[in-house]
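Student: Hi! Could you walk me through this one? I'm new to reading structures.
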Amino acid sequence: MSTENEGTAVPPAPSAPPPAPVDAPAASAHQGYHGTAAPQTPAAENAYGPRDGDGAQDPASHGAAPAGPPSGAHSSSTPDASWPPPPPPSTPTYGDGGAGHGGWGSSYQQPAPKNGGGRGRMVAAVLAAALVAGGAGGGLGYTLAKENDTNGSTTVSSSTSGGNVKREPGTVAAVAAKALPSTVTIEAESSSGEGGTGTGFVFDKQGHIVTNNHVVAEAVEGGKVTATFQDGKKYDAEVVGHAQGYDVAVIKLNDAPSDLKPLPLGNSDEVVVGDSTIAIGAPFGLSNTVTTGIISAKNRPVASSDGSGSQASYMSALQTDASINPGNSGGPLLDAQGNVIGINSAIQSTSNGGFGTGQAGSIGLGFAIPINQAKYVAQELIKTGKPVYAKIGASVSLEETTGGAKITEQGAGGSEPVDPGGPADKAGLKPGDVITKLDDRVIDSGPTLIGEIWTHKPGDKVTITYERDGKERTTELTLGARVGDN
């Protein structure tokens, strides 16, 4: 399933709506990956839909670079030999509310102030009219109530006000009250002024904040990152490390306060379909927004990008119907006890052009990186600044299929499709083999295999089920390691 990373660019927003009408300049809709145009790559199809390009199939490796085009592929273009592989065309664009992500969402440039009217002024006028109408209605209601009171009204007032009502542990209100002070709105800006808004949450007392890679990608090279808490306190921050393939990043607050309260981390392996979920973020710049839903599915294979041909990230995601929109990216997905079970990262959208060209929003299909995986990645980033990926050491095709992940006949840039002496080679796998299972997980495509491998750590032993010459076989394989995104 391809999804869109919730990301229509919006100018950085205050942590709370302004009390009076203001001009709200419209954000530009141009997209970019790290502020540059994405290179042309051959089209490839994965389990989620066709990719932009000329139609050539683009194999990718889980643990190896993307392989060359299979026979019959258009020869007018050559595959990108860099890692990670470029995303399938219909893959999701990340939802960072515009966070300046080097791609993974739409970036923006701060527009010049407009003279006179405009859409921003119209919106403000509407809001002002609504406030005036509300005030008038309130006054009228009070007058009528007062008159009724003198005529023997039987209305009974509550003995307690809303502020005195006790919220029992486990209620949405109670969970939100504890989680909101540890959730931040992130504004990331590149050196050229492009950027946007996303979300993050306190990971430890040392000031580390976990978020999505696409939220802060624009700011990695000489940019600026700030984090604003619920109480309005704003801190400058630095990117400690980022993992493009996992779509996880860690920033650290400068002069972090001593009273930070990290959010408790749950166990995403124990989550079941139907469990209640609570998402916190800054949809469309509206900080500290809380939405609820359930876990709709587990182990959902998702490949996400900004839809412009940039590189993709792959995850075996938690699916939720909690409302997730641009700006929610990087925010926590909580269970009913307030434990973080995932990082909100992408949404399925009905917008053909993605969030950069349309005002798409939640349709009840949101996807989160399971926290067990994100925790491991974050710890590695804090320790070394670089991600570590598990790998099998073989190039697999990204073409759309339901039959499995096929090991290609040719590797990236003419390299071997199976790394000599690598995990796949030692396990006896060969070009042309079609992997159909990893342990008990059904593998229907290359991206699905990549997502499942990345839920493991280097050194893990897995059972691979594959087909060769029409016969099903199994083999044991010990996953290798690859450091960094390149």
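Tutor: Happy to! One term to begin with: a contact means heavy atoms within 4.5 Å. In the protein chain, residues 24 or more positions apart account for 71% of the contacts with a separation of 6 or more.

Student: Where does the model come from, and how are the residues numbered?
Tutor: The model is predicted, so local features need pLDDT of at least 70, side-chain atom pairs count only at pLDDT 80 or more, and totals for chains, interfaces and linings use all residues. Residues are numbered from 1 along each chain as its sequence is written, and side-chain values use heavy atoms, with hydrogens and water left out.

Student: What is the mean pLDDT of the protein chain?
Tutor: The mean is 73, and 63% of the residues reach 70 or more. pLDDT is the predictor's confidence in each residue, from 0 to 100.

Student: And where is confidence lowest and highest?
Tutor: Lowest in strand β2 (residues 49–50), with a mean of 32, and highest in strand β6 (residues 208–211), at 98. Over residues 6–84 the pLDDT is below 50, and this stretch has 280 contacts in the model beyond near neighbours in sequence. Residues 86–149 are also below 50, with 205 such contacts.

Student: OK, new topic. How many helices and strands are there?
Tutor: The protein chain has six helices and 23 strands. Both are DSSP runs numbered from the N terminus: helices are H or I with at least four residues, strands are E with at least two.

Student: Which strands make up the closed barrel?
Tutor: Six strands, running β10-β11-β12-β15-β14-β13, with antiparallel pairing. The twist averages 50° from one strand to the next. Axes here are lines fitted to C-alpha atoms, for helices over the stretch in contact, and angles run from 0 to 180 degrees between N-to-C directions.

Student: How many bridges join β10 to β11?
Tutor: Six, between β10 (residues 276–281) and β11 (residues 289–304). Two strands count as paired if DSSP finds at least two bridges between them. β11 then pairs with β12 (residues 313–320) over seven bridges, with S304 opposite S313 in β12.

Student: What stands opposite I278?
Tutor: I278 in β10 faces T292 in β11, and I278 also stands opposite L334 in β13. β10 and β13 (residues 332–334) are joined by two bridges and run antiparallel.

Student: Which helices pack on the sheet?
Tutor: Among them is α4 (residues 371–384), which touches β14 (340–347) and β15 (366–370), its direction making about 55° with that of β15. Helix α6 (residues 446–453) touches β11 and β12, at about 80° to β12.

Student: Is α6 enclosed or exposed?
Tutor: Eight of the eight residues of α6 are buried, so it is largely enclosed by the rest of the structure. Buried means under 20% relative accessible area, using a 1.4 Å probe and protein chains only; over 50% is exposed, and in between is partly exposed. Across the protein chain, buried residues make up 51% of the 486 residues.

Student: Which residues touch the most other members of the largest nonpolar core?
Tutor: L449 and L477, in a core of 57 residues. Its largest share, six residues, comes from α4. Such a core is a set of buried Ala, Val, Leu, Ile, Met, Phe, Trp, Tyr and Cys residues joined through side-chain atoms within 4.5 Å. L449 is also one of the buried residues of α6.
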